[in-house]
Amino acid sequence: MTAGAHDADARTPENGSAEGLDARLVVERGSFRLDVALSVAPGEVVALLGPNGAGKTTALRALAGLTPLTGGRLRLDGTALERTPPESRPVGVVFQDYLLFPHLTALDNVAFGPRCQGATRAEGRARAAEWLGRLGLAEHAGAKPRRLSGGQAQRVALARALATRPRLLLLDEPLAALDARTRLEVRAQLRRHLAEFEAVAVLVTHDPLDAMVLADRLVVVEDGRVVQEGTPSDIARHPRTDYIAQLVGLNLYRGEARGHTVRLGAGAGITTAEDLSGPVFVAFPPSAVTLHRDRPTGASARNLWRCEVAGLETHGDQIRADLGGELPLVADLTAVAAAELDLHPGATVWAAVKATQTHAYPV
Amino acid sequence: MTFPGDGSDAATGTLRRGPRRRRNRAGGGGGTARPGGRGVPLPLLVPALIGLAFLIVPLAALLVRAPWRSLPELLTSAEVWQALRLSLVCATAATAVSLVIGVPLAWLLARVEFPGRGLVRALVTLPLVLPPVVGGVALLMALGRNGIVGTWLDSWFGVTLPFTTAGVVVAEAFVAMPFLVISVEGTLRAADPRYEEAAATLGASRFTAFRRVTLPLIAPGVAAGAVLAWARALGEFGATITFAGNFPDRTQTMPLAVYLALQSDPEAAIALSLVLLAVSVAVLAGLRDRWMTAR
């Protein structure tokens, strides 16, 4: 999928001659190879989303200069940065566990960057105080990091990164170190601060919700490669890999369409509402699946598969059933329904999905 | 010569083990009733008690045989004060030298990958196990008036180190610095290098990151290493007498004075030993506090 396919990318100059980030990050380490192309316009927030070990953090470190590139290119506002050491790059980083210097106060942590850029102690502190004020931390300026709460430490880390006036802001799993309640609040704050940030912002996360709330555009990385990119809603509607489908909670299949029927390799078929031909994806949500103990006789559901329960887990206030058989799929049902069906691993059930609840789209 | 040499080694040996044992106890939660306490087998208990007595009886003997009545007089003599003052000054100077060149060396070993790093680390550790007398001879070969470096020091700068107070500092630093380097390197390895990366992304050069981030973070380890080095330098005997000789008020440090006094005036030797024992106990107490607060 090329970068030009999305609205957000229309702002990115094709030649990479001017503003923003234009990079192809190649890092080879043993058998692992990262090869990710990334173009981000100023003011845009891009999330690198992917499972653990996909290479997201390596990509982030390569952008910061902490891991050397073994190939590719890295241009920021038209300047080549491949050979620039990290301390000379106009890049700010918010690390996953913040890495606030424990021996310095919040104020001196934030003043560290300006001081390294040549500001006097007084100038550095003035700038730091301004940033802390902007992030609502003025009263914590004198606190050492160990006395800050998780959310406060996260904002100090953001202030510290922003105080160097970076042209590229990198955030590594910015919400991963927070507990669930703080997370909700900090996510909203972070979204506001990122929206105000006028340069390029790239964040790395394995949490689809963080990515969808914080980013204008998602770049999904699996096994060192970009497998899909687009706006959050586009990716949520049209997942192209099992990983993304799982993330956004959809059953996803790839097959050959002929009219309203999609054949999935080994014989299983899905009847769809769309009339297509050629290779397609078919997706439907777990809530569209209804389960029956005996083969239903009515013709209301056009798709019917015999399945075996492989596993059950609670999912919010629902039960999510992992089903194997002709067609592996997940289904959501209420606890009452699960009890009535006497669901247990190994039980045989019939799974039905209405054609109108499926969604097919070309590969 | 072997008797005082062994004595000083044993002293540093207990010094090094003392703090570590403290640490383990602090980490273990300080529980007194351990599962092992329900019955100690005799084949372990008897040698353990003999070992304990072996370490404690000589120190007790020193206290028992101390000429307590004439002690004030002995300790206020000019020779004792000269030797004590010289020992403190030289050990402190040797520690300062070790800090200035040893901490950067520890950083190099911990943070920079270069070919032969393992070999370099082994060489740094060698003076730890080298008999100090051999160190003294080696220093003479290097820095003596006809030594491979000493020749140049003498002809270019007119500097001669052997048999001078500066020579004492050199000998003590040679023996004591590895303690500091090993201690600081260990602390550096345990410290999270990502703080240095964070500093780099904020625009800090490697030196600035070291000075403003790494050094404050490893300060407790540096202090502990410095105390160990200082204690080792204070007790130094073999390398000092070989390289710097035994001249009162110039190179005669406390251990040398003890050894000399033992032949002419045993009571004075005991008195001097008591002073060194008191200093060692003070160092141990200081280290314990250091580790307790660092926890």
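These legends go with several close-up views of a predicted model.

Chains carry letters from A and ligands numbers from 1, in the order in which they are written, and residues count from 1 along each chain as its sequence is written. Since this is a predicted model, local features need pLDDT of at least 70 and side-chain atom pairs count only at pLDDT 80 or more, while totals for chains, interfaces and linings use all residues.

**View 1. Chain A as a whole.** Chain A has nine helices and 18 strands; helices (H or I, at least four residues) and strands (E, at least two) are DSSP runs, numbered from the N terminus. Its C-alpha atoms fill a box of roughly 80 × 45 × 35 Å along the principal axes. Of the 363 residues in chain A, 42% are buried. Here, buried means 20 or more other C-beta atoms within 10 Å of the residue's own, exposed means 12 or fewer, and partly exposed is in between, with C-beta atoms placed from the backbone. Take the contacts in chain A between residues at least 6 apart in sequence: 63% of them join residues at least 24 apart. A contact is two residues whose C-beta atoms, placed from the backbone, lie within 7 Å.

**View 2. Two domains in chain A.** Domain 1 covers 3-246 and domain 2 covers 249-357 of chain A, with bounds from an automatic or database domain assignment. Their centres, taken over C-alpha atoms, are 39 Å apart. Four residues from domain 1 of chain A and five residues from domain 2 of chain A make up the contact. On the domain 1 side, that's two nonpolar, no polar and two charged residues. The classes work like this: Ala, Val, Leu, Ile, Met, Phe, Trp, Tyr, Cys and Pro are nonpolar, Asp, Glu, Lys and Arg are charged, and the others, Gly among them, are polar.

**View 3. The largest nonpolar core.** This core has 82 residues, and A:L25, A:L63, A:V110, A:L168, A:L170 and A:V202 have the most contacts inside it. A nonpolar core is a set of buried Ala, Val, Leu, Ile, Met, Phe, Trp, Tyr and Cys residues joined through C-beta atoms within 7 Å. Helix 4 (residues 150-162) of chain A gives the most, with seven residues. Zoom in on A:L168: leaving out residues up to four places away in sequence, its neighbours include A:L21, A:L76, A:P90 and A:A199.

**View 4. An open three-stranded sheet.** The strand order is 11-12-18 in chain A, with antiparallel pairing; two strands pair if DSSP finds at least two bridges between them. Strand 11 (251-264) and strand 18 (359-362) of chain A are the edges, each pairing on one side only. Strand 11 and strand 12 (residues 268-284) of chain A share 13 bridges, and A:R263 has A:G269 in strand 12 as its bridge partner.

**View 5. Where chain B meets chain A.** Chain B brings 14 residues to the contact and chain A brings 17 residues. On the chain B side, helix 9 (194-201) and helix 10 (206-235) are the elements giving two or more residues. Helix 9 of chain B has the largest share, six residues. By class, the chain B side has eight nonpolar, four polar and two charged residues.
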